[in-house]
Amino acid sequence: MATKATETQAWRALAAHVALVKGQHLRDLFGADRTRAERFAVEGGGLFLDYSKNRITDETVRLLLQLAEERGVAARRDAMFRGEKINTTEGRAVLHVALRAPRDARILVDGKDVVPEVHAVIDRMADFSERIRSGAWKGHTGKRIRNIVNIGIGGSDLGPVMAYEALRSYSERALTFRFVSNIDPSELYEATRDLDAAETLFIVSSKTFTTLETMTNAHSARAWALRGLGGDAKAIAKHFVAVSTNEAKVAEFGIDTANMFGFWDWVGGRYSMDSAIGLSTMLAIGPDAFRSMLAGFHEMDEHFRTAPLARNLPVIMGLLAVWYADFFGAETVAVLPYDQYLKRFPAYLQQLTMESNGKHVTLEGAEVDCATGPIYWGEPGTNGQHSFYQLIHQGTHLIPCDFIAFAQPLHPLGRHHDMLVANVLAQTEALAFGKTRAEVEAEGTPPSLAPHRVFHGNRPTNIILADRLTPASLGRLVALYEHSVFTQGTIWGIDSFDQWGVELGKVLAQRIIPELESASEPPLHHDASTNALIKHYRRLRTAP
């Protein structure tokens, strides 16, 4: 296999082919091919994908699939499912798929089947969740738990927050859920200000139990809880549980290690929402619904693992992302869920996609010579239509869009849902076909206004459809994007499962913290700007 994607025959062919495609409009592509909508659509893993409104031809698809073959997408996928250590910079397996494997599956890491361990943790989570949800678990004063505060950051926060919001319709409404990640004290203050410590349980999620932001918040939460519980340190064991692997640190904090839920180094943080990191999710929706979500994940996993590349939803979406990033120069992808419960889904995808594929070197350590890791962003519809859609429709940037919609509403209300879905279809139609100057003028628009009302169209979109938003369909959606990210990273030849880029700033922050807190003026050895900012901050902090 060629060391770099750009050295493959398919890449060179695509580089020549794109000039032809750029000269074609979606109006013409649809006009010349009545079967396009049927041919460029695929169903699998419980989801339906219409990708016909993309700037592609049959030849484009053939070459993209050839690229996937030349880059070994199927072989690397199979290696991942076998438990091979494809995260080469950290020497680790990549097995988030094991987190949702059924009990009778067998997945080996270093010769050991990890599936029994996974289900042992899920079973312990389920037992704990049932005790909290039923009221059998009592706090230090004998009151039942009514408030859950999840403390984490990155994958220990974004996944649980997104899942809670997405599945709120299925949640136990007698419980209040809050999420704290930012080290900004305002977040912890607002999360706890109106809670009764005697009725509050904190979940502290940190694999090492040393993460700066998480443990700073956890210790402040501990102090808050003790103030409300009479100062008895024994109370901590009834009001704190841990998702961690560091038993000594957990015990030192005061948490009973019987209430510590572990996970493994073959699970990356951004791939961990279906592990013990999802404890808050299980508390909210219950063990049965959580297992249904896992089954949805697994359904998409199996589709990705077994479907031919040409009919494989994650592969197609990943190849299209590469097509636009590297051959059209598109720097972003908009993810537009038309369901208010998915309001945090784009934020969740930002970490999943950009922490995974925001890399500048190949697996071999060579500098990449193509664009990697497009920027993912978005908001739920129809809100975005009255905000940034103007730029997507008539701006100068090409922004491929993923529209996500459901056929059945969770809460039927008159015509609302049909109107919502009508907007999905209308937006993709408008983005694809636009409105010509001749059409604008035929409507009687004055010539002076006509240019302002022209829509060039030819803006690419995917539509992802499911029956309704359920725990299972959420699992399918997340797995779809996980495996799309995998496909993109394999094409580019990068390691999608490390995240060295988050380390440098954290190391420098540890140097700066004592310089900000020093009682006397500290010696500073940063650049001139940072030195000046430290001094200015210290002056402002002590100003009357």
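H7 and H15 pack with their axes 9 Å apart, at an angle of about 150°. Angles over 145 degrees count as roughly antiparallel, so H7 is roughly antiparallel to H15. On the H7 side the contact is formed by Gly155, Leu158, Gly159 and Met162, which meet Phe345, Ala347, Tyr348 and Gln351 in H15. Sorted by class, this contact of H7 with H15 has 5 nonpolar, 3 polar and no charged residues. The model is a predicted one, and every value here is to be read with that in mind.

Both of these helices also take part in the largest pocket. The volume of the largest pocket is about 950 Å³. It is lined by 38 residues, of which Gly269, Gln499, Val502, Glu503 and Lys506 are the closest to its centre. Helix H7 (155-166), helix H9 (212-228), helix H15 (345-357) and helix H20 (503-517) are the elements that give two or more residues to this lining. Which of the elements gives the most to the lining of the largest pocket? H9 does, with 3 residues. The lining of the largest pocket divides into 13 nonpolar, 16 polar and 9 charged residues.

The second largest pocket has a volume of about 370 Å³. Asp339, Gln340, Tyr341, His411 and Leu420 are the closest to its centre among the 18 residues that line the second largest pocket. Helix H17 (residues 416-433) provides the largest share of that lining, 3 residues. The classes in the lining of the second largest pocket are 7 nonpolar, 7 polar and 4 charged.

Helix H14 (residues 313-327) packs with helix H19 (residues 471-492) at an angle of about 50°, and the axes are 7 Å apart. This angle makes H14 oblique to H19. The crossing in which H14 passes H19 is right-handed. From H14, the residues in this contact are Leu313, Pro314, Val315, Met317, Gly318, Leu319, Ala321, Val322, Ala325 and Asp326. Their partners in H19 are Leu480, Tyr481, His483, Ser484, Thr487, Gln488, Ile491 and Trp492. By class, the contact of H14 with H19 has 12 nonpolar, 5 polar and 1 charged residues.

How many cavities of 30 Å³ or more does the structure hold? There are 4. The largest cavity has a volume of about 120 Å³. Of its 16 lining residues, Met317, Ala321, Val333, Asp402 and Asn462 are the closest to the centre of the largest cavity. H14, strand E12 (401-406), strand E13 (461-466) and H19 are the elements that give two or more residues to the lining of the largest cavity. H14 gives the most, with 4 residues. The lining of the largest cavity divides into 10 nonpolar, 5 polar and 1 charged residues.

At least two residues of the lining of the second largest cavity come from each of helix H4 (58-70) and H14. By class, the lining of the second largest cavity has 7 nonpolar, no polar and no charged residues.

Gly381 and Thr382 are joined by a cis peptide bond, with omega of about 10°. Thr382 lies in the loop between strand E11 (375-377) and helix H16 (389-394). The other detail concerns phi at Asp110: the angle is positive, about 55°, although Asp110 is not a glycine. Asp110 sits in the loop between strand E3 (108-109) and strand E4 (112-113).

Technical notes: Residues are numbered from 1 along each chain as its sequence is written. This is a predicted model: local features need pLDDT of at least 70, side-chain atom pairs count only at pLDDT 80 or more; totals for chains, interfaces and linings use all residues. Side-chain values use heavy atoms; hydrogens and water are left out. On a 1 Å grid over the protein atoms alone, a cavity is a set of points where a 1.4 Å probe fits but cannot get out, and a pocket is an open set with protein on both sides within 12 Å along at least five of seven lines; lining residues have an atom within 4 Å of a point. Grid points are joined across faces, edges and corners, and a volume is the space filled by probe spheres set on the points. Ala, Val, Leu, Ile, Met, Phe, Trp, Tyr, Cys and Pro count as nonpolar, Asp, Glu, Lys and Arg as charged, and the others, Gly among them, as polar. Axes are lines fitted to C-alpha atoms, for helices over the stretch in contact, and angles run from 0 to 180 degrees between N-to-C directions. Angles under 35 degrees count as roughly parallel, over 145 as roughly antiparallel, 65 to 115 as roughly perpendicular and the rest as oblique. A crossing is left-handed if the near helix is turned anticlockwise from the far one by less than a right angle, and right-handed if clockwise. Contact means heavy atoms within 4.5 Å.
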